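Take a look at the fold before reading on.

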Amino acid sequence: MPRVLRADCHADTALWLLEQPSLVELSGSHQDYRRISEYLDLAFLAIFLDEAEYEHELPRLFARLLLMLKADIAAHADLVEPLLWREQLEQSGADLPKLLLLGAEGASCLGADCQHLETYFQAGLRFIGLTWNYANAYAGGCGGAGGLTEAGRRLVDLCNAKGLLLDGAHLNEASFWDLAELRQYPFIVSHTCCAALQPHRRNLDDSQMLALAELDGVMGITFVPDFLGAAGDLRRLCEHIEYAVALIGSCHVALGSDFDGCEPHAELSGVQTLPRVYTELCRRGMNAADVDNVMGNSVVRLLARVLPSRARLD
Ligand SMILES: [Zn+2]
């Protein structure tokens, strides 16, 4: 049995560590280690700290949270383990711990010019969003102006060399196209929807989706009601997934729930609802291979290409 069948590309669950000693069992959250281990094989956990709120404190606070998260995961090694090397994706077996990919939502935690990247990489960081909604030292967010900066280009090169996945969610159009036009790096847009169905500054238009697919990247369709539009329910989620699959192919489409970062529709109110997405896509007529790509295979293929090899380091 392959190790990863079901994956989710974005959640803010890690922030519960600011209030709770562990993520193993949380009440009031959309997921925790126990529920992840039941319903997912791979979950992205992003550390989001508001750049405007924390400013210069941000790298220090980020480092503390990353170490807390790492220690918490290590303390629950029967359930979960950090995904660090592409070789882990090749392991198979039903009893293996579920994989967590740790990352940053916004690159300000790195300092102004990637100073802390190596430290965080050693600590297990494996994906990084260039910015959140604001412009920072690296890129322009969807709430601001400006494209990729010089430091942003250096960050892309460093991530490319080290095997860190870049996340283009939250970028403004100029930064998205700067990143895409480097044409060297398959990246992810971890939580977004299709602008053709719901115009929104956080959604990708057709040309962006096609460019992402051409680079062999992946878009994670998110459960955020405002991005989905209409009722923001399971049916609407499936409409976005079907639109994306028809335009760019299922191997470039995944799920990026934004659990614990948004208030999803009651039909999608936590990781335990993911089997419904699977069932509903099948019921609506999507073929099994496409459904499997969306539910996990697309992400595995991307990570198998981008993540560092343990063998390379030995
Ligand atoms: Zn976000």
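Is the crossing of H10 and H11 left-handed or right-handed? The crossing of H10 and H11 turns out to be right-handed. Keep in mind as you read that this is a predicted model.

## The chain as a whole

Let's start with the big picture. The chain holds 12 helices and 9 strands. Its C-alpha trace spans about 50 × 45 × 40 Å along the principal axes. A compact globule of 314 residues would have a radius of gyration near 20 Å, and the chain has 18 Å, so the two agree.

Buried residues account for 50% of the 314 residues. As for contacts between residues at least 6 apart in sequence, 73% of them join residues at least 24 apart.

## H10 against H11

Back to the pair from the opening question. H10 and helix H11 (residues 288-306) pack at an angle of about 160 degrees, and their axes are 10 Å apart. Angles over 145 degrees count as roughly antiparallel, so H10 is roughly antiparallel to H11. On the H10 side, the residues that meet H11 are Tyr278, Leu281 and Cys282, and their partners in H11 are Val291, Val294 and Met295. Sorted by type, the residues of this contact come out as 6 nonpolar, no polar and no charged.

Setting aside neighbours within four places in sequence, Tyr278 is in contact with Val291 and Met295. Tyr278 and Met295 are 17 residues apart in sequence, and their C-alpha atoms are 7.2 Å apart in space.

## H9 against H10

H10 also packs on another helix. Helix H9 (residues 234-248) and helix H10 (residues 274-283) meet at an angle of about 65 degrees, with 10 Å between their axes. The crossing of H9 and H10 is right-handed.

Which residues do the meeting here? H9 brings Leu234, Leu237, Cys238 and Ile241, while H10 brings Arg276, Val277, Glu280 and Leu281. The residues of this contact divide into 6 nonpolar, no polar and 2 charged. Leu281 is listed in the contact of H10 with H9, and Leu281 is listed in the contact of H10 with H11 too.

## H7 against H9

Helix H7 (residues 206-214) and H9 pack at an angle of about 60 degrees, with their axes 10 Å apart. That angle makes H7 oblique to H9. The crossing of H7 and H9 is right-handed.

H7 makes the contact through Asp206, Met209, Leu210 and Ala213, and H9 through Ala244, Leu247 and Ile248. The tally for this contact of H7 with H9 is 6 nonpolar, no polar and 1 charged.

## Leu228 in H8

Leu228 is found in helix H8 (residues 225-228). Is Leu228 buried or exposed? Leu228 is buried, because 27 other C-beta atoms lie within 10 Å.

Not counting residues up to four places away in sequence, Leu228 touches Cys193, Gln198, Arg236, Leu237 and His240. Leu237 of H9 also takes part in the meeting with H10.

## Two aspartates with positive phi

Finally, some backbone angles to check in your viewer. Most residues other than glycine have a negative phi. Asp216 has a positive value, with phi near 70 degrees. Asp216 is found in the loop between H7 and strand S8 (218-221). Asp216 counts as partly exposed, because there are 15 C-beta neighbours inside 10 Å.

Asp260 has a positive phi as well, near 65 degrees. You'll find Asp260 in the loop between strand S9 (253-255) and H10.

How values were computed: Residues numbered from 1 in each chain as written. Predicted model: local features only at pLDDT ≥ 70, side-chain atom pairs only at ≥ 80, totals over all residues. Axes fitted to C-alpha atoms, helices over the stretch in contact; angles between N-to-C directions. Helix = DSSP H or I, 4+ residues; strand = E, 2+ residues; numbered from the N terminus. Left-handed = near helix turned anticlockwise from the far one by under 90°. Contact = placed C-beta atoms within 7 Å. Nonpolar A, V, L, I, M, F, W, Y, C, P; charged D, E, K, R; others polar. Parallel < 35°, antiparallel > 145°, perpendicular 65-115°, else oblique. Rg over C-alpha atoms; globule rule 2.2 N^0.38 Å. Buried ≥ 20, exposed ≤ 12 C-beta atoms within 10 Å, placed from the backbone.
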